[in-house]
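Thank you all for coming.

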Amino acid sequence: MKKQSNTSRSMSYVNKRKKRKNIIILSILIPIMIIILGVAVYAAILYATAQKTIDDSYYELNREKEVTVDPIKETTSILIMGIDDTEDRQLGSSRTDSLIYLTIDPNSHEVNMVSIPRDTYTPIMYQEESLGEDKINSAYSEGQEQATIETVEELLDVPIHYYVTFNFDAFLKIIDALGGIEMDVPITFSEQNSDGKLNQITLEEGYQTLNGEEALALARTRKIDNDVMRGERQQLLIQAIVEKALSVGSITKYTNVIEAVGSNMRTDLTFNEMLGIAQTGLESSYEFNSYTFEWTDFTLYGASMVELYPDSVDFVSHRFRVALGLDSLDERDAEGYEFETNGITNYAY
């Protein structure tokens, strides 16, 4: 009887150990499975949310030149327009507060960017006709994206394949949804807020995390430098937003970022085109080449204007045409104009 009792106890002990082992295994596997399932559900929700947002933001223009470029395989040009409008301000005849022309090469993983000063004095084009010369930011009030695209194409002699338009609300909400961005503020200053109330935002000099309102103040202020330097700051802000969005800690915030865009964005890029461009960024990091113009200012009818030097415009145009495969490298590239030396900074994320 003792042998049977010992055997029974031994088997009972083994069974208990097996149960404990199974419990330990399950206690490890179940959370992992829950996490995997949660990520899958989150990814599905994120995908659906992003697709609906982009679909709702899609706005096709009536352009005579049909776009045939494939942004997933070919170098693509995009005009980014930031307009000085919010749902609360209701300005009616908005103007572009920032204009950035860029090309994205999915093969070499290069992004070329140039900011066009908002006070640039140039012919305003709309429906293939000139409306006379004025500040380039007035083009949007004449014919919104259509007029602005035609005007930039005329100025730079480059094609614009797609556009993306953001208003102030999108800018603010995206940065806040990401938890702020890191920027180096060059000098202490005060600026108006997004509602146009003066001296509501004060920034101290130094490297710091900026929320949406603070970043907008840094992007739009003219108190610390000039209109061209202002464009450079806006390019740095875009780079900071990209870096923050690509950081691991921001993944769980993507839904908020997408929802922040909502009705505050308009574009003729489809969801699949945007997704394709984003996927190329996951394969390998992009290098940023940032250009600026040589310029001078003058006053016309009591208003301050910016004149871009023709040689500078020609050089920047040439570099973008080379990127798009429209021009070949020539003596300008070999000699290295002062615009290239002073006007190009390389960034990588």
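Predicted model: local features only at pLDDT ≥ 70, side-chain atom pairs only at ≥ 80, totals over all residues.

What share of the contacts in the chain with a separation of 6 or more is accounted for by residues 24 or more positions apart? The share is 66%, where contact means heavy atoms within 4.5 Å.

Residues are numbered from 1 along each chain as its sequence is written, and side-chain values use heavy atoms, with hydrogens and water left out.

The secondary structure of the chain comes to 10 helices and 15 strands, which are DSSP runs numbered from the N terminus, helices being H or I with at least four residues and strands being E with at least two. Of the 349 residues in the chain, 45% are buried, and buried here means under 20% relative accessible area, with exposed being over 50% and partly exposed in between, for a 1.4 Å probe and protein chains only.

Let us turn to helix α2, residues 139-156, which spans only 15 Å between its end C-alpha atoms, whereas a straight helix of 18 residues would span 26 Å at 1.5 Å a residue; that expected span is 1.5 Å times one less than the number of residues. Helix α2 bends by about 100° at Glu 145, the bend being the angle between axes fitted to the seven residues ending there and the seven starting there. Within α2, 14 of the 18 residues are buried, and just after the helix Asp 157 takes a positive phi of about 55°.

Helix α3, residues 168-177, is also mostly covered, with 7 of its 10 residues buried, among them Phe 168, Leu 172 and Ile 175. Just after α3, Gly 179 has a positive phi of about 85°.

Next come the cores, where a nonpolar core is a set of buried Ala, Val, Leu, Ile, Met, Phe, Trp, Tyr and Cys residues joined through side-chain atoms within 4.5 Å. The largest one has 41 residues, and Ile 78 and Ile 181 have the most contacts inside it. A second, separate core of 25 residues includes Val 114, Ile 149, Leu 156 and Val 306. Leaving out residues up to four places away in sequence, the residues that Ile 181 touches include Ile 175, Leu 210 and Leu 237.
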